[in-house]
Amino acid sequence: MSGGAARWPTGLPGALDTAIEEAAAPGGPFHPATGSRLDAREEFPAAACAVLDDCGTARAYVPAELGGVPGGLPELVAALRTVARRDVTVAVAHGKTFLGSVPTWVAGTDEQRRALARRVLDGAVVSWGLTEPGHGSDLLAGELTAEPTADGGRRLDGAKWPINNATRGDLISVLARTAPEGGPRGFGLLLVDKAALAEGSWSPLPKEPTHGIRGADISGIRFTGAEVPADALTGAAGDGLDVVLRSLQLTRTVCTSLSLGAGEHALRLAHAFAAGRAMYGTTLLRLPLARRVLGRAAASLALADAAALLAARAAHCLTGEMSVVSALVKAGVPEIVQLAVDDLAELLGARGFLTEHHAEGAFQKLERDHRIVAIFDGSTAVNRASLINQFPVLARLHRKGTHDAEGLAATVGAEPVPPLDPGALRLFSRTGCSAVQALPGAAGRLAALAAAGAVPPRVPELARALAEEAAAVAAAMAAPLPAGRGTPAEAFETARRYERCFAGAAAVHLLLADPGDPRRVSSLTAAMERALELLRPGHEAPQEAYETVLETLADPAKELIA
C-alpha cells in the first residue's frame, strides 16, 4: 500500500470548528456555561442547533448525489465529532435527522429519496421510531400496526417510545406491524409527515428526564387512526426489519462520532487541569502517574479513532462487511472511550463531578452524556449478540487467511471514498472482517519495513502480537456454542476481544499505509500498545510510547490523533 493513508475530512468539519469556536464566546450558544445552564434546566439547545443549521450541517445527512456534501460517512462522522467535542447533547439532538433518513437512503425509491433530500436540505428534522414501551430492543415484539386502507394507504395505531426528536421532529420513520402475525416478514417502515396527519390522529408523549443528554428531546409519539398515503411505505410491506438492520450498519458507525468527540473533550479538559495544577513544587502534568494516565487516555482515543476511521471508510469500500464492522465499532469504540473517561475522572478528582466550580461543569456533563452512546442504535449486548451469530464464518475465514485485499487497500488508502452503494449492504458478511484477517500479512510487511529502517522495530513486534491475539480469538469463535441454552457469557467476552483486535488491526493497517509520517506512526504505535494492554493482562506499554500523543495534546493547533 502506498500513496498515504486515510485521514478524516476537513471540509464541513473545518467550517463547523470555526463557527463553533466563535459561538463558544461568553454568552454564546456553545459556551460551556450555556450548555451547563441548559443541561440543568433540561432545555433543548435550540440556539446551538441553529449554528449547525447556518453551517449547512444537514448537507452531511444527505447523499452527495442528492445534493449533499461529498465525502460520505467519513465526512459525517468527522462533522458530528467536531460538534460532540464541544457538546454531545447538541450532536445527538441535531444528528438524529441522519438516523431518521437512512432507511429512505437505503430502500426508498428514487422519488422518495429526492423528496426527502429536499426536505432535509430545507431544514426538516427527521426522527426514527423503532422502540416501543415495554419492548426495548426486541423489534419483533412491536405492537404499533399499519393496517391497509381502502385507498391503498395505511392506518397507524400504537406508540413509539423513547424516541429522540419524537416531538420536535417534522417527519418520523416508523417501524410498524404490517401483518397481524408479525414475524421477520411482518413489519414495514413508513416515513410519516406529522404535518399531513389529520388533527387528533397523533399526540406527543412527554419528554423523559434522562441522566445524560438532558436537553435532548427524548420523548415519544402515539398514533390513533393516523392515515398515511401509499407512498409513505419505504420498501415493501414486509421489508421493514431487513431495512432497519441494514440501516443500522450505517447509523451505528456514525454513533462513534459521539464517543470520539466526548473523549477528545475529556482529554483536553484533564490535560489543561493537569498543566495548571501546582503540586509538590511542580505541576500535576509533570508527575509520572498523571502523565501515565493522560498518555494512556490519549492512546485509547487514538485506538478508537483508528477503528472509527476504518469503519466509516469501510462502509464505502468494504460495504458487504458492515454487518460485522458496524457491530464491532458500535460496541467497542464507546467502551474504549469510556475507559479513558473513567481514568481521567479519577485524575480530576472532585473537579470531575462539580457542576459549577471547574470549567463550568463541562467534564461531569460530557461524562453523563457519553454513557448513553452505548445504548444508541442497539446496546453493547445487542451488537455483541449480532457478532456472535457470525462467529462460525469469521473463525473459518480467519483460519483460511482470506480477505478482500482490494477493498481493504481502498479503505485505508488516501483516495476519496466512492459513493455508498446501499444495495451492497448484507445482513451477514460473506468475506468476514478483512482488517483482522489480513493482520498476519500486515505484520510481515511491517517487519520488512523495520528491517529497512523505515519504521521502529517495536512496530512489527506489536503487529505480530496483535495477530497472535486475533488468532486466539478466532479459535475461541470456532468453539461450538451449547445447544438449547442461552448464549454463554464467554461468547460475549470473545466478542469484546474481537472488537479490540479490530481496533488494533485498524491502527496496524493505517500505519502500514503511510509509514513516512513520524508523528502519525507514533500515535498509531501508541494505539497498538493500548490495544494489547486491553487484550493481554500484564502487558504494559512503555511510557515513551505515549509521549508523542501527549505532546500533540499540548498543541491545540495539531490534530489530536491521526
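Residues are numbered from 1 along each chain as its sequence is written, and side-chain values use heavy atoms, with hydrogens and water left out. Because the model is predicted, local features need pLDDT of at least 70 and side-chain atom pairs count only at pLDDT 80 or more, while totals for chains, interfaces and linings use all residues.

I begin with empty space. Rolling a probe the size of a water molecule over the atoms shows where such space is left. The work is done on a 1 Å grid over the protein atoms alone: a cavity is a set of points where a 1.4 Å probe fits but cannot get out, whereas a pocket is an open set with protein on both sides within 12 Å along at least five of seven lines. Lining residues have an atom within 4 Å of a point. Grid points are joined across faces, edges and corners, and a volume is the space filled by probe spheres set on the points.

The volume of the largest pocket is about 1300 Å³. Its lining comprises 47 residues, and nearest the centre lie Leu 248, Arg 252, Phe 376, Asp 377 and Gly 378. Which elements supply at least two residues each to this lining? They are helix H5 (88-107), strand E3 (154-164), helix H7 (240-276), helix H9 (322-348) and helix H11 (380-388). Here helices (H or I, at least four residues) and strands (E, at least two) are DSSP runs, numbered from the N terminus. H7 gives the most, with nine residues. By class, the pocket lining has 27 nonpolar, 15 polar and five charged residues. In this scheme Ala, Val, Leu, Ile, Met, Phe, Trp, Tyr, Cys and Pro count as nonpolar, Asp, Glu, Lys and Arg as charged, and the others, Gly among them, as polar.

The largest cavity contains about 60 Å³ of space. Among the residues that line it are Asp 39, Glu 43, Asp 87, Arg 214 and Lys 365. Helix H2 (32-41) and H5 are the elements that give two or more residues to this lining, and H2 gives the most, with three. The cavity lining divides into three nonpolar, three polar and five charged residues.

Next, the packing of helices. Axes are lines fitted to C-alpha atoms, for helices over the stretch in contact, and angles run from 0 to 180 degrees between N-to-C directions. Angles under 35 degrees count as roughly parallel, over 145 as roughly antiparallel, 65 to 115 as roughly perpendicular and the rest as oblique.

H7 and H9, both named in the pocket lining, pack at about 15° with their axes 9 Å apart, and are therefore roughly parallel. Their crossing is left-handed, a term used when the near helix is turned anticlockwise from the far one by less than a right angle, with right-handed used if clockwise. Contact means heavy atoms within 4.5 Å. The residues in contact include Arg 252, Ser 259 and Gly 263 in H7, and Ser 326, Lys 330 and Val 333 in H9. This contact has 15 nonpolar, seven polar and two charged residues.

How are helix H16 (residues 458-478) and helix H17 (residues 489-513) placed? Their angle is about 150° and their axes lie 9 Å apart, so the pair is roughly antiparallel. H16 passes H17 in a left-handed crossing. Glu 469 and Ala 470 are among the H16 residues of this contact, and Arg 497 and Gly 504 among those of H17. Eleven nonpolar, two polar and two charged residues make up the contact.

Helix H15 (residues 439-451) also packs with H17, at an angle of about 40° and with axes 10 Å apart. These two helices are therefore oblique to each other, and their crossing is left-handed. Cys 501, Val 508 and Leu 511 in H17 take part in the contact with H15, and the H16 contact includes these residues as well.

Finally, the backbone. Most residues other than glycine have a negative phi, and most peptide bonds are trans. The bond from Trp 161 to Pro 162 is cis, with omega near -15°, and Pro 162 lies in strand E3. Glu 360 has a positive phi, near 55°, and is placed in the loop between H9 and helix H10 (362-371).
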